Amino acid sequence: FNFLKVIYMKIWLIVDGEPLPLKCENDRLLRIGILANELCLLQHEVTWWSSDFNHHKKKFRATNESYQICSNKLTIKLIKSPGYKKNISLRRIFHNIIVARRFKRQATYADKPDLILCCMPTIELSEEAVRFGKLFNIPTVIDLRDMWPDIFLYSVPTFLRGLSRLVFHPSFRKMKYLCTNATNLVGVSEGYLDWGLNYAQRERNINDAVFPLGYADIFANNVITQSDKDNFLNKMGCSKNDFIIVYLGSLTSKINFNHIIEAVSEIGGSVRLVIAGLGDTYDSLLKICDKKKNISLTGWLNKEQIFQLLSIASVGLYPYPNRKDFNDHFPNKFVEYLCSGLPILSRVNSPEMKSFLQKYNCGVIYEDDKESLIRIIQNLASDKLTLREMSLSSRDVYLKKYCSKIVYRNMSDYLINLTNPS
């Protein structure tokens, strides 16, 4: 008889900014959290490196330990960090630099892994991960999830892009280094992988891969009663017959809520807008919406509250600008809407978005025009049959393409096979 020898690996997952499975937190896990669970289920030893700062809540984690063991197979190492108040700030750059330096120092004395997966951003942490991997001959995969530092070019007028590139030249140099010297590249979309390969100045090879942002099926094992829905509707100041538009995510200056706020305010009646999340623009939005009875800002929600909010929503709002970093992939909140069976109301009108929404019949695109947006919302609110068809289509495409069990089991197999191709 031939017996296949099972090789259990030590894997480092490096990312700063995702929710952690700590006792002091009660947030839904994202890409690395779900991937870590999958790898642990396969009996691999996982070490997750992160800072001790909660990116979403802008608070330090309630632990003084440099590491915290969550299970027999998963260890979380928390790196002491300075933290920051705003996502885009000098303080955050300082935070990223300090975390990367401390990772370098601490990693040197840690038990070496068989494989490293590091998420980009941050550039600083990714660069140190690649340098560490090269120094100790450890395969290092970079997971391309955001187009830093290119986003700084997209955020300024065309005539200022040359100056912006000069200012951020060190970041562009680091990005070129880490993409060139990583063992392999993974992208959340084909566009993101191509972007990384362009930095590396090479063709795609057999071990470069694409894994979209998968999302855990929160509706698979959770049941919400009508009584629970009614209670949550009351908290939101809504009723069960309302048409509820939901935005769920960070509140930053790149998101333009002006037209949707104006449109919903003018329509009034049973049309509601619920904006859930925190960020740099939260206070200013709170002032703008203060006296608008059919618009609510919830602040930060835990995973149970997110589940309740999505279960009462009618459509999911995707109010991002038409920029390459948003055009080339669908982020967590987009997939979260699909999982919840919500049609997408999208400001992004790229060819990729138009093709996706039309192919799967799961949403509509709106322009930065109040009157046309009013017509779109009123049509969706009045045509229950179309809304129901879009809802079913959203759920169906999620189950086929973005269910985390499928995405991250495939990603786990990919990582394991990199060092154990047999």
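First, the ground rules. This is a predicted model, where local features need pLDDT of at least 70, side-chain atom pairs count only at pLDDT 80 or more, and totals for chains, interfaces and linings use all residues. Residues are numbered from 1 along each chain as its sequence is written, and side-chain values use heavy atoms, with hydrogens and water left out. Helices (H or I, at least four residues) and strands (E, at least two) are DSSP runs, numbered from the N terminus.

Start with Phe-257. Look in the loop between strand S11 (243-248) and helix H9 (258-267). Phe-257 has a relative accessible area of 3%, so it is buried (under 20%, with a 1.4 Å probe, protein chains only). What is Phe-257 in contact with, leaving aside neighbours within four places in sequence? Tyr-247, Leu-251, Ile-275, Leu-285, Leu-317 and Pro-319. Contact means heavy atoms within 4.5 Å.

Next, helix H6, residues 169-181. Its buried residues are Ser-171, Phe-172, Met-175, Leu-178 and Cys-179. They cover an arc of only 130 degrees around the axis, so they sit on the same side of H6. That arc is taken from the directions from the helix axis to the C-beta atoms.

Last, the pair. The axes of H1 (residues 31-41) and H17 (residues 404-419) come within 9 Å and cross at roughly 65 degrees. Axes here are lines fitted to C-alpha atoms, for helices over the stretch in contact, and angles run from 0 to 180 degrees between N-to-C directions. H1 and H17 are therefore roughly perpendicular (65 to 115 degrees). On the H1 side, the contact includes Ile-34 and Leu-35. On the H17 side, Tyr-408 and Leu-415 are among the residues making it.

Methods:
Buried < 20%, exposed > 50% of the residue type's maximum accessible area, 1.4 Å probe, protein only. Expected span 1.5 Å × (residues − 1). Parallel < 35°, antiparallel > 145°, perpendicular 65-115°, else oblique.
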